[in-house]
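Here is a short briefing on one protein model. Look at the sequence and the structure first, then read the points below.

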Amino acid sequence: MNDAPVIALVAGEDSGDQLGADLLDALRARYPGARFVGIGGRRMMARGFESWFDIRELSVMGFAEVVKHLPRLLKLRKALVQRLLDLRPDVTIGIDAPDFNLGVERKLKAAGLRTVHYVSPSVWAWREKRAEKIGQSADRVLCLFPMEPPIYANHGVDARFVGHPLADTFPMVSDRAGARDALGLPHDAPVLAVLPGSRPSEIERVGAIFIDAARRVAEAMPNLRIVVPAANERVHARLAELLTGFPGTPPLLTDGHSHEAMLAADTVLLASGTATLEAMLAKRPMVVGYRVSPTSYRIAKALRMLKTDVYALPNILGRACGLGRKLLVPEYMQDDCTAENLAAATLDMLGDSERRGAIVAAFEFLHQALRGGLEGRAADHAADAVADFVKTPALPATGGAH
């Protein structure tokens, strides 16, 4: 009998493919002969991963899209579960994509198989009671943020903080001069990076507001240089339209290079989301704005689904890590997200070097917190947490596996 473990991973989108590839490397270092199977993308397959289905079949965004593709997704999930039940891997790791993966994990766990969910849903922001249901799917949850395991502990769920992979990507001291050289920006002018979102739907909601805010800031600061990184071709085309007729020095519109744009900037004006975490790790002061659809916002408010009154990740992390209740960076959500508010806050930030210095110091503290004082990469800590389930006996089935 071959003693090499079989480890299943299920990644549902491009970001999960990157997490899976890093985790696979760390697990292979511990188990050189292991077989890795499931669903993954090109990065995972480049490391010898056996992907049974095309990862693009799971990359569905938005409620309407999910409903449209639901029959196909359910069929795919049923086939995946049956194949995993037949193979009985040592452990199955669902990587993010909770709507798909938690259902897979629940059926496997009910059949006595070991399951891990990598990347906790945002239980700290809304619907905390989900933590208990997640525990019915996963033997262990691997968390990227330090405030998450205590929430799971309140619901009797085993959760481990493994560090955030992005904290490994950014150096503790960033190179502003090198980033400006890479983008062809001058060293002696203030620079504002503007990131209104990475999806076309986000650009449609807030793109014009952000560009209008940048225009107001540029009119008040004639020597200002602006860089606007576009996440993809569709976003680039729409941003180019919005930037038509921009006064003074035209903003630099780039294909990608969002990290370089942040590093080059004195201040970042950006949409709420993962980009705020990236700007924090780049140690760049920021002003944050966002709008969701009015219907979605009203439903979330009416059903009291939101657990937090702050939205930008640096502000959430600051509170969770003991930096007090005061917001580290200004944030303007929904009806407060106007060009006037964003421009005024951005001008205030650009004009207050003492405040920017205090924010940078807080961000350095939070960067360390996201590494948790742990030596090594987040992927190595995730692999350590998974290793507890490799070559350990399966549990008795509890029923409901089919």
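Contact here means heavy atoms within 4.5 Å. This is a predicted model, in which local features need pLDDT of at least 70 and side-chain atom pairs count only at pLDDT 80 or more, while totals for chains, interfaces and linings use all residues. Residues are numbered from 1 along each chain as its sequence is written, and side-chain values use heavy atoms, with hydrogens and water left out.

**Thr115**
- Thr115 sits in strand 5 (residues 115-118); helices (H or I, at least four residues) and strands (E, at least two) are DSSP runs, numbered from the N terminus.
- Thr115 counts as buried because its relative accessibility is 0%; buried means under 20% relative accessible area, exposed over 50%, and partly exposed in between (1.4 Å probe, protein chains only).
- Apart from neighbours within four places in sequence, Thr115 is in contact with Thr92, Glu105, Leu108, Lys109, Ser137, Ala138, Asp139 and Arg140.
- A polar atom of the Thr115 side chain lies 2.7 Å from the backbone oxygen of Ser137.

**Helix 12**
- Helix 12 (residues 274-281) is mostly covered, with six of its eight residues buried.
- The buried residues in helix 12 are Thr276, Leu277, Glu278, Ala279, Met280 and Leu281.
- The cover over these buried residues includes helix 7 (165-169), helix 11 (258-264), strand 11 (267-271), strand 12 (286-290), helix 14 (313-320) and helix 16 (353-371).
- Lys283, which follows helix 12, has a positive phi, near 65°.

**Cavity**
- On a 1 Å grid over the protein atoms alone, a cavity is a set of points where a 1.4 Å probe fits but cannot get out, and lining residues have an atom within 4 Å of a point.
- Grid points are joined across faces, edges and corners, and a volume is the space filled by probe spheres set on the points.
- The count comes to one cavity of 30 Å³ or more, and the largest cavity holds about 50 Å³ of space.
- Twelve residues line the largest cavity, and Gly163, Asp168, Arg371, Gly376 and Ala378 lie nearest its centre.
- Helix 7, helix 16 and helix 17 (378-387) each give two or more residues to the lining of the largest cavity.

**Cysteines**
- A disulfide is a pair of cysteine sulfur atoms within 2.5 Å, and the count of disulfides is zero.
- Cys143 counts as buried because its relative accessibility is 0%.
- Cys337 also counts as buried, at 0% relative accessibility.

How values were computed:
A polar contact is a pair of N or O atoms within 3.5 Å; within protein, one must be able to donate a hydrogen and the other to accept it, and residues adjacent in sequence count only if both atoms are side-chain atoms. On a 1 Å grid over the protein atoms alone, a cavity is a set of points where a 1.4 Å probe fits but cannot get out, and a pocket is an open set with protein on both sides within 12 Å along at least five of seven lines; lining residues have an atom within 4 Å of a point.
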